[in-house]
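Below is a briefing on one helix and one metal site. Please read it alongside the sequence and the model.

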Amino acid sequence: MELTLEVIPKSTWGKNVRSEYKSDWDKIRKLVYQKAMMKCQICYEKQETLHAHEVWEFDEEDHIQKLVDIIGICEDCHNTIHYGRAKLVGTDQEAKEHFMKVNECDELDWMLAVQEVSIKSMKRNKIKDWKLDLSLVEEYLK
Ligand SMILES: [Zn+2]
């Protein structure tokens, strides 16, 4: 899987599978780790610990933020995907290096990706009433 930068609109920060399914979160994330077999599902490096990462689709027409997958990924990939957060906590240099390594690309590709995600961010933050579609979670709770 390609490593891309992602942005969650401000209006849904803190609202996710973990917050909405508190008592089931442990079960869900263990299923995710099992499926990943302790390998990052983006860079394929073997890991001691994984992070459960929610993959979303954004429907800007109907303002729906839909959960489409939950994957097990490494700390470096997670840091890179959430580049906005990485900038805030000062790990953006690591994000850049990891992005170029995993995607085997150069600094120009990185700069284009940063530009693309900042445009995405502006578009998504213009919408203030995103609705979460977490129906995928039911698949994990069967
Ligand atoms: Zn990784």
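Buried means under 20% relative accessible area, exposed over 50%, and partly exposed in between, with a 1.4 Å probe and protein chains only. By that cut-off C74 and C77 are both buried. The model is predicted: local features need pLDDT of at least 70, side-chain atom pairs count only at pLDDT 80 or more, and totals for chains, interfaces and linings use all residues. Residues are numbered from 1 along each chain as its sequence is written, and side-chain values use heavy atoms, without hydrogens and water.

**Zinc site**

- The protein donors of the zinc ion (N, O and S atoms within 2.8 Å of the metal, or 3.2 Å for Na, K and Ca) are the SG atoms of C40, C43, C74 and C77, at 2.3 to 2.4 Å.
- Along the sequence, these donor residues follow the spacing C-x2-C-x30-C-x2-C.
- The 4 donor atoms subtend angles of 102 to 116° around the zinc ion, so the arrangement is tetrahedral (four donors, all angles between 85 and 135 degrees).
- Ideal angles at a metal are 109.5 degrees for four tetrahedral donors.

**Helix α2**

- W25, I28, V32, Y33 and A36 of α2 are buried.
- These residues lie on the same side of α2 because they cover an arc of only 135° around the axis, taken from the directions from the helix axis to the C-beta atoms.
- Q34 and K35, on the other side of α2, are exposed.
- After α2 comes M37, with a positive phi near 50°.

Conventions:
Helices (H or I, at least four residues) and strands (E, at least two) are DSSP runs, numbered from the N terminus. Four donors count as tetrahedral if all angles lie between 85 and 135 degrees; four count as square planar and six as octahedral if opposite donors are over 155 degrees apart and all others between 65 and 115; anything else is irregular.
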